[in-house]
Amino acid sequence: MIGWFLGVGAAMGYLRYWALFNKPFARTEGDYFFSAPPQREAIAGLSYFAASGFGTAFLVAPPRCGASWLMRHVGRMHGLGDCATEVVLTTGLHHDCGDVAASLGQALAIHSNIEEPVTLEMVDLAIRASEADGVHVLWMIDGLHPCTITTARSLLASHGNLSVVLSVTPDEYCRFASLLGREAQTLRLDLDPLCVEETISYLGHALADVGCRRTLFDDGAAVRLHELTGGAIADLSLAAEASLVIGARYGLPMITTPIVEASLESLTQAA
């Protein structure tokens, strides 16, 4: 999205202009993660869930509020709490149960070849092997389709050392929760949007992480960013990065409210 306003080469010049060594808000790789109270509460809930007797948990977040980012971060952690836990992450948007099994098998590092694709039976054996080693498997599913729930229900019925986290929006939670069956022990965890103070903190934290030593967004601009994005961190990140591009193009000393509004308008037109 950085090239939406300028050519790719020119767009990267905004990093030099602001004296940044990386994109503060548009990073797609690396270990950077912003942990505000909503993120810390969700991770604490996941730690409790991993050690509990619940088989499934729904991570419920409004669209673009960072559920995928949080799940990737948890996936890089070495376990949760005091439990010996293998955390694996897959997409849940497969429309075929065979694809669900293959995706989970890849996350569990099950080796296969073209002639012998990963099957649900192979996944079943891998989870049993983890149980024999005293390891709990926490399967996090980003997004949801009914066939993913079908596969999860089948595996949960066979493995006491398996638990499943399903990432959904509030509307999806209402649709999908009943598909697990009334007998399922289910926990709900919520990931809320950032509040205005957390938005301001995120802007400063992300900039400092890429070498910024001064305030680039004035108070009005930060508040306006929050108002226009509702604290949804994915939208906030796109608008903040776009604001830096525009500010650099016009040689501004700081990002102000009109620049923020222009960035949101340009992103909306480009969508």
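Tutor: The expected span of a helix is 1.5 Å times one less than its number of residues; helices (H or I, at least four residues) and strands (E, at least two) are DSSP runs numbered from the N terminus. This is a predicted model, in which local features need pLDDT of at least 70 and side-chain atom pairs count only at pLDDT 80 or more, while totals for chains, interfaces and linings use all residues. Residues are numbered from 1 along each chain as its sequence is written, and side-chain values use heavy atoms, with hydrogens and water left out.

Student: How many residues has helix 9, and what span does helix 9 reach?

Tutor: Helix 9 (residues 196-209) has 14 residues, and its first and last C-alpha atoms are 20 Å apart, close to the 20 Å expected at 1.5 Å a residue. Just after helix 9, Gly 211 adopts a positive phi of about 100 degrees.

Student: Which residues of helix 9 are buried?

Tutor: Buried means under 20% relative accessible area, exposed over 50%, and partly exposed in between (1.4 Å probe, protein chains only). In helix 9 the buried residues are Glu 198, Thr 199, Tyr 202, Leu 203, Ala 206 and Leu 207. They cover an arc of only 160 degrees around the axis, so they lie on the same side of helix 9; the arc is that of the directions from the helix axis to the C-beta atoms. An α-helix has 3.6 residues a turn, so residues three or four places apart point the same way.

Student: Against what do the buried residues of helix 9 pack?

Tutor: Contact means heavy atoms within 4.5 Å. The buried residues of helix 9 pack against helix 3, helix 4, helix 10 (219-229) and helix 11 (233-249).

Student: What is the order of the strands in the open sheet?

Tutor: Two strands pair if DSSP finds at least two bridges between them. The open sheet has five strands in the order 2-3-4-1-5, with parallel pairing. Strand 2 and strand 5 (186-190) are at the edges with a single partner strand each, so one side of each has no neighbour in the sheet. On average, neighbouring strands of this sheet are turned by 20 degrees against each other, direction ignored. Axes are lines fitted to C-alpha atoms, for helices over the stretch in contact, and angles run from 0 to 180 degrees between N-to-C directions. Helix 3 (residues 37-51) packs on the sheet, touching strand 1 (56-60), strand 3, strand 4 and strand 5, and its direction makes about 165 degrees with that of strand 5. Helix 4 (residues 67-76) also packs on the sheet, where it touches strand 1, strand 2, strand 3 and strand 4; its direction makes about 155 degrees with that of strand 3.

Student: Is Ser 163 buried or exposed?

Tutor: Ser 163, in strand 4 (residues 162-168), counts as buried because its relative accessibility is 0%. A polar contact is a pair of N or O atoms within 3.5 Å; within protein, one must be able to donate a hydrogen and the other to accept it, and residues adjacent in sequence count only if both atoms are side-chain atoms. Such a contact, of 2.7 Å, joins the side chains of Ser 163 and His 136.

Student: Where is Phe 58 placed?

Tutor: Phe 58 is in strand 1, and it counts as buried because its relative accessibility is 0%. Beyond its neighbours within four places in sequence, Phe 58 is in contact with residues including Leu 166, Tyr 173, Phe 176 and Leu 187.
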